[in-house]
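Here's a quick briefing to read alongside the model. Have the sequence and the structure open as you go.

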Amino acid sequence: MNTVQQSVTATPLPSGQSAILFGPIWSGVLVLSLLFVLLSHLGYLPLDTRSDEPRRALVALEMMLSGDYITPTLNGERYFNKPPLYNWFIAGSYSLFGTYSSLALRFPMIVSLLLFGLTVYYFARKYLSAGIGFAVALMVLTNGRVLLYDSLLGLIEITFSWVVYSGMMLVFHFDRKRQYTVLYITTYALTAIGFLLKGLPPVAFQGITLISWFWYTGQIRRLFHPAHLIGIGVFLLITGSYYWAYFTRNAIPLSDVAGVLVNESAKRTGLQFGIGKTLLHLVTFPFEVFYHFVPYLLLLVLLVRRGLWTELKENAFVAFNALTFCTNVLIYWTSPQVYGRYLISLVPLLFTVLAYLYYERTAAGDRHRYWVERSWLILTIAVAVGCWATLFYPTSRTIPGVIWKTALVSGLLGTLAWFQSRPSMNKLGLIVGVMIVIRLGINWLVLPGRYVTRQYYKENAERAVRITVGKPLYGYRSTIGNDQASDVSSFHISALRGDILRKTNHKIPAAYYVADSVSLVGERYDIVDKIVLFDRHPAYIVRFHP
């Protein structure tokens, strides 16, 4: 059998520091500070106007307004792009909070994020050490993509990533225990949950993970274990139960739903974009990944070493993480239209490898490690100085307390820079602190500017349609529902009125309409009020002449 199956114990640090990488005081400071910056502004901003967040909010809202939790809709029309599970989570959160607020929208995401971190810690601690497990969990929670962007939005990806990562870990966990019935049942159950969150991608992850690991460990016969059929049966039972309910309620062809799900999975691949864009993406993809998951991917330089794979395969868990990342990331590496958030499910695998090399396989004086730590120091100093630009930037210089807030953020970063300049075995722990302080600065000095823009659209939409509450209101022709941007206004309008804003091409007596100038060409109407849709798109609340 392959040597990777023989050992699960990492080689300890020469100085015996593996268990004390994070002391209790510093660990407590990091955890409490991270919770503060994640939660303090969770519901502060209205809906994001440049992401899928309004669409997630609107689909869940329409489920509650219609009472139909089986058939997702968008502006009253069937919505096939994503299965409904995450919308159920959002609807449940709306009910829990008793409001359609931004806090309620994002609550499922933040719960998933914290559970994601705990899951990473559990598996890395079990198969490596408590210190490395804590480091990897913090890297997952505080990388640039997650901490500075996705943890502010009520999107599917965090929950989806937690589910996908958990399934991958259970493949390794139950393979070690030789419990293949439990392996297949649990991982296919999680695959089914992932499918009901986002469609086909988790099926690909499950297949690639099983095939690559069993092939590498010389256990390809495990794919033909009788329990594999049981696992597939569990997947079909869970997903089939939903679609049985869906098609019982909706008399539409299966091909209509299946076609959209397949297209959603295939539309970002090279099959849709052609060879030119695909080749360009093959070159640029590593740089995009590096950009999204700074500053920890500076540790990639640790991979430049002789005998790398020999070192990694000495620990089965590290080998599994490395292999699973390398095989599954190919899905995105060959797909020209990929967003950084799609990779959140895979980066814990890479972070585990990098943290292992940093703590267990690299001495303090190593030139690669020195280069990374100096880069972190320079980054910290640059941000400590650069944050003073808030005193001159138009959207931040008027923030109440901007001087003392900037001074505190700069001072904290300066202190962390000083500690980074001192000898330490755990400068990775210090850069985690830097990221938390940067998020604090964003909460105080950046989000207020975003709030003004987003609140403008919310207040404008609510003011314009307030007169229509209790009366029929429709979106006329192509005014709403043609792109994700219009979902922002649709959500605010529907939430205020307690009624779905449906699209129509017909004129209904006594009804009000949201219509733009293009849709109104050749029509006879009275303008009741003006409304500004997303991206400063002017429209009107009108009533048509009989």
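Rings of Phe, Tyr and Trp (its six-membered ring) pair if their centres lie within 6.5 Å; planes under 30 degrees apart count as stacked, over 60 as edge-to-face and the rest as tilted. By that rule, ring pairs tie F80, W88, F195, F235, Y242, Y243, Y246 and F247 into a cluster.

A word on ground rules: this is a predicted model, where local features need pLDDT of at least 70, side-chain atom pairs count only at pLDDT 80 or more, and totals for chains, interfaces and linings use all residues. Residues are numbered from 1 along each chain as its sequence is written, and side-chain values use heavy atoms, with hydrogens and water left out.

**Aromatic pairs**

- The structure holds 38 aromatic pairs.
- One of them is Y86 with F89, an edge-to-face pair at 6.2 Å centre to centre and 80° between the planes.
- Both Y86 and F89 sit in helix α3 (residues 85–97), three residues apart, or about one turn of the helix. Helices (H or I, at least four residues) and strands (E, at least two) are DSSP runs, numbered from the N terminus.
- Y86 counts as buried because its relative accessibility is 1%, while F89 is partly exposed because its relative accessible area is 36%. Buried means under 20% relative accessible area, exposed over 50%, and partly exposed in between (1.4 Å probe, protein chains only).
- W213 and Y216 make a tilted pair, at 6.0 Å centre to centre with 35° between the planes. They are about one helical turn apart because they lie three residues apart in helix α9 (residues 201–216), and both W213 and Y216 are buried.

**Nonpolar cores**

- A nonpolar core is a set of buried Ala, Val, Leu, Ile, Met, Phe, Trp, Tyr and Cys residues joined through side-chain atoms within 4.5 Å.
- The largest one has 138 residues, and Y94, Y184, L299, F351 and L428 touch the most other members. Helix α19 (residues 427–445) gives the most to this core, with 13 residues.
- Setting aside neighbours within four places in sequence, L428 is in contact (heavy atoms within 4.5 Å) with A135, M139, Y296, L299, Y358, Y359 and W376.
- There's also a second, separate core of 13 residues, which includes A464, I480, I493 and I541.

- Two strands pair if DSSP finds at least two bridges between them. Three bridges join β3 to β5, running parallel, and three join β3 to strand β4 (residues 502–504), also running parallel.
- Y474 stands opposite Y513 in β5 and opposite R502 in β4.

**The loop around S519**

- S519 lies in the loop between β5 (512–515) and β6 (525–533), and counts as buried because its relative accessibility is 2%.
- Not counting residues up to four places away in sequence, S519 touches Y476, R477, S478 and T479.

**Salt bridges**

- The structure holds 17 salt bridges, each a side-chain nitrogen of Lys or Arg within 4 Å of a carboxyl oxygen of Asp or Glu.
- R145 and D150 meet in one (2.5 Å, N to O). R145 counts as buried at 10% relative accessibility, as does D150 at 2%.
- R369 and E373 form another (2.9 Å, N to O), with both residues in helix α17 (residues 367–386), four residues apart. R369 is buried at 1% relative accessibility, and E373 is buried at 8%.
- R463 and D529 also pair up (2.8 Å, N to O). This pair links distant parts of the chain, with R463 in helix α20 (residues 447–465) and D529 in strand β6, 66 residues apart.
- R463 is partly exposed at 40% relative accessible area, and D529 is partly exposed at 25% relative accessibility.
- D52, E157, K198 and R341 are linked in a network of salt bridges.
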